[in-house]
Amino acid sequence: MGSSGLPRSGCPLQWSSATFPTTSMLLSNRPPGPPPPLEGARAWRHERARVRGAGRRGRHVTSCFFRGTWLSPQRRIFLSASPLQRLELESDPERSFAMDSAVSDPHNGSAEAGGPTNGTTRPPSTPEGIALAYGSLLLMALLPIFFGALRSVRCARGKNASDMPETITSRDAARFPIIASCTLLGLYLFFKIFSQEYINLLLSMYFFVLGILALSHTISPLMNKFFPANFPNRQYQLLFTQGSGENKEEIINYEFDTKDLVCLGLSSIVGVWYLLRKHWIANNLFGLAFSLNGVELLHLNNVSTGCILLGGLFIYDIFWVFGTNVMVTVAKSFEAPIKLVFPQDLLEKGLEADNFAMLGLGDIVIPGIFIALLLRFDISLKKNTHTYFYTSFAAYIFGLGLTIFIMHIFKHAQPALLYLVPACIGFPVLVALAKGEVTEMFSYEESNPKDPAAVTETREGTEATTSKGLEKKEK
């Protein structure tokens, strides 16, 4: 026992004034045993006074607090914080309680709960609220897939340069999970190193512009029905080229009219609403627009490419959700319309509810472009049936419903593609096996209309087929 009254071999587990005669600031008039828990501002005044204790005795007492057995979460957060974070906690004690609440109850009745956390513990969500939230997420996921697939057929047949689809090849599909992993890990490190507020500010401005354009493109066909016949509609074209003469190359060629400008103005109102309030309805409007445009404008060139893409992202989703906390952390920190959300406490709090269930847009777009491919394959068969489209659509409902069920049972975020990929690939393949059309399914090919080489190959193949047919007729 030294002059300070502290044992050299370790820290005591029983606290009393006899054990620490020189620490009356912390232990005066306190009975033996663990000290009573402190709450509110008094707890933080206590922590601040203790950490600022005089000389080596204060530092030794601090180390004993670290090695003691009764540290509260609030004390642990304060002592493990950096000096800058301690200043923030001292100026705003309520922030510590939010951190403590997030640590002690991360799910709060839902495997994917989100939204701001305050000092009070959230009441558990009601079964009706949970059912409403999950049912709404399922419905919102189905809408962009169904209508995006129908619009992808018109997009493939269209000649408007602004609506040309982007075709994904097998090489693109193989590289996509690697690129997505690097992007996800980069965002995670950015959120860990830099201030989250500045990152989300930049991302908000970026998605503000993209969201307005996507929502305008989404509502444009619908709004055209509401314009009167005598509406003064003028045509415009935005053209950027590179080079001159025969070497001139188009970079951007976007055609629009006055009706599109009206849609752009209406979409800008939603964009300002999202930018100022970050309201969940504005978030979902942008999210649905992104999903529908993705299903419409991203085309797989064949079924094999779709299997490569879905198989790679199947492994990607499982690793980043079950293997690490990276995806869940980014999803909850990323303030951008990259996910659909719906409050589980809507019945209690109305539109100001903040306990959200969420579904990433990737779980909609990735299976959606595969389902849209099967719809175009159905049309190519010219049998006036959409067997593979309806089969894959039902498979998606089954897979997403299974995801929600398991997520609710285990109270943990689930990689949706773990259930969606086997369902969306397996069901149509089984139907093809039953109908004897597996060869036709995997031989179906779509060319990229933006790729001159692909267009040339398609024309040459058509000409070769035509010449062979004429030769057979002559024989």
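How much of the chain over residues 297-322 is helix, how much is strand, and how far apart are the end C-alpha atoms? Over this stretch the chain is 81% helix and 12% strand, and its end C-alpha atoms are 31 Å apart. Helices here are DSSP runs of H or I with at least four residues, strands are DSSP runs of E with at least two, and both are numbered from the N terminus.

The model is a predicted one, in which local features need pLDDT of at least 70 and side-chain atom pairs count only at pLDDT 80 or more, while totals for chains, interfaces and linings use all residues. Residues are numbered from 1 along each chain as its sequence is written, and side-chain values use heavy atoms, with hydrogens and water left out.

The protein has 19 helices and 6 strands. Of its 475 residues, 42% are buried. Buried means under 20% relative accessible area, exposed means over 50%, and partly exposed lies in between, with a 1.4 Å probe and protein chains only. The protein exposes about 26,200 Å², and carbon and sulfur atoms supply 62% of that area. Accessible areas come from the Shrake-Rupley method with a 1.4 Å probe, and for residues only the protein chains shown count as cover. A contact means heavy atoms within 4.5 Å. Among contacts in the protein with a separation of 6 or more, 70% are between residues 24 or more positions apart.

An unreviewed UniProt entry annotates several stretches as "transmembrane region", including residues 131-153, 297-322 and 387-410. UniProt positions are given in the numbering used here, feature names are shortened, and annotations may be inferred rather than shown by experiment. Over residues 131-153 the chain is 100% helix and 0% strand, with the end C-alpha atoms 34 Å apart.

The largest nonpolar core has 80 residues, and I364 and Y396 touch the most other members. Helix 15 (residues 362-381) gives the largest share of this core, 11 residues. A nonpolar core is a set of buried Ala, Val, Leu, Ile, Met, Phe, Trp, Tyr and Cys residues joined through side-chain atoms within 4.5 Å. Leaving aside residues up to four places away in sequence, Y396 touches A141, L142, I145, D363, I364, P367, I371, L420 and C424.

Aromatic rings make another set of links. The structure holds 16 aromatic pairs. Rings of Phe, Tyr and Trp (its six-membered ring) pair if their centres lie within 6.5 Å; planes under 30 degrees apart count as stacked, over 60 as edge-to-face and the rest as tilted. The pair of F146 and F147 is edge-to-face, because the ring centres are 5.4 Å apart and the planes stand at 85°. F146 has 27% relative accessibility, so it counts as partly exposed. The rings of F146 and F389 have centres 5.9 Å apart and planes at 45°, so this pair is tilted. Since F146 lies in helix 7 (residues 127-157) and F389 in helix 16 (residues 387-410), the pair ties together parts that are 243 residues apart in sequence. F389, at 2% relative accessibility, counts as buried. One aromatic cluster is formed by F146, F147, F389, Y390 and F393.

The strands can be read in pairs. Two strands pair if DSSP finds at least two bridges between them. Strand 2 (residues 235-242) and strand 3 (residues 249-257) pair in the antiparallel sense over 8 bridges, and Q242 stands opposite E249 in strand 3. These two strands form a hairpin with 6 residues between them, and G243 in the turn has a positive phi of about 90°. Strand 5 (residues 339-343) and strand 6 run antiparallel and are joined by 5 bridges. The bridge partner of K339 in strand 6 is G360. In strand 6 (residues 356-360), 4 of the 5 residues are buried, so this strand is largely enclosed by the rest of the structure.

The loop between helix 15 and helix 16 holds K382 and also N384. Most residues other than glycine have a negative phi. K382 has a positive phi of about 55° although it is not a glycine, and N384 likewise has a positive phi, of about 60°. K382 is exposed, with a relative accessible area of 73%, and N384 is exposed, with 80%.
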